[in-house]
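Open the model in your viewer and keep the selection panel at hand.

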Amino acid sequence: MEYTYLDCLALFGVGGAHPGGLQLTKDMLSKEVIDETKSVLDVGCGTGQTSAFLAKQYGCDVTSIDSNTIMLDKAKKRFSSLQLPINTVHGSVEYLPFDDGVFDIILSESVTSFTNVSLTVPEYKRVLKHSGLLLAIEMVIDKKISEDESKPIIDFYGISQLLTESEWINLFKQAGFKHISIDTFGQQFDENNVQNAADFSLSENIDEELIQILEKHEQLTDTYKDILGYRIFRCCV
Ligand SMILES: C[S@@+](CC[C@H](N)C(=O)[O-])C[C@H]1O[C@@H](n2cnc3c(N)ncnc32)[C@H](O)[C@@H]1O
């Protein structure tokens, strides 16, 4: 069986599967006004580490959506063991199954790049309220590279394109986001703080091939460290 990188994350049940992990999420959210009156959509929620933090920390109304049933089942288990009233939805961010203008905040942590961005970004805008906010952690390339150079990255992650920071900004603007600001990843991971570490919820029978995929991910990240980066895009409607 040929597994994809996302299969691998799902079968290992990696919680906090985005650069910077939960520590970055907490820093990012601490700059926003979030309380129990806010409705927050965590798109591509994975195993639900961020959704659980949002519900516990802020008492806001959280909806979590993912297209991968293994991920979503693990998220549901997390929420029920923590007794958190989080609404879980199986579906794609490319066709969000929600009415227009219903969410105050959308959180997209390392998700959009894996989708058809020309469908997904307008969907984010559509379901946000008029005063809504999108916080998106996205993969960026720091300079344009040749097809030969980008192919191994595109093939491995199963994505259709690699975008520069300004290409992302254009996409957000075209979808109707008005004010876009960018944050880079300044902080270092605090390895003594176990509360912010990635967590794992392993499926049974982990195949050897999955370990090789994780190793390939490490290898690629290292090979392309001068080209591949991440940004937090803060986009207001
Ligand atoms: C790198 S993981 C990040 C998971 C989570 N946001 C986190 O930070 O731990 C990407 C997630 O996006 C989900 N995903 C990918 N394409 C999707 C789509 N079209 N619709 C909904 N979820 C999607 C995957 O199933 C996976 O859970």
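A polar contact here is a pair of N or O atoms within 3.5 Å. Keep that cut-off for the first stops. Note too that this is a predicted model.

Stop 1: Select Asp-66. One of its polar side-chain atoms sits 2.6 Å from a ligand oxygen atom. Now pick Ser-67. A polar backbone atom of Ser-67 is 3.3 Å from a nitrogen atom of the ligand. Then show the ligand surface. On its own the ligand has 590 Å² of accessible area, and the protein covers 95% of that.

**Stop 2: the shell.** Select the residues around the ligand. How many surround it? There are 20, and the closest are Ala-17, His-18, Gly-44, Asp-66 and Glu-109. Color the shell by class: 10 residues are polar, eight are nonpolar and two are charged.

**Stop 3: the whole chain.** Switch to cartoon. Eight helices and nine strands make up the count. The radius of gyration is 17 Å, close to the 18 Å that the globule rule gives for 237 residues, so the chain is as compact as a globular protein of that length. Along the principal axes, the C-alpha trace spans about 45 × 40 × 35 Å.

Stop 4: Color by burial. Of the 237 residues, 51% are buried. Finish with the surface. The accessible surface of the chain is about 11900 Å², and carbon and sulfur atoms hold 48% of it.

How values were computed: Residues numbered from 1 in each chain as written. Predicted model: local features only at pLDDT ≥ 70, side-chain atom pairs only at ≥ 80, totals over all residues. Heavy atoms only, no water. Near = heavy atom within 4 Å. Polar contact = N/O pair within 3.5 Å; in protein donor to acceptor, adjacent residues only side chain to side chain. Areas by Shrake-Rupley, 256 points an atom, 1.4 Å probe, with all protein chains shown as cover. Nonpolar A, V, L, I, M, F, W, Y, C, P; charged D, E, K, R; others polar. Helix = DSSP H or I, 4+ residues; strand = E, 2+ residues; numbered from the N terminus. Rg over C-alpha atoms; globule rule 2.2 N^0.38 Å. Buried < 20%, exposed > 50% of the residue type's maximum accessible area, 1.4 Å probe, protein only.
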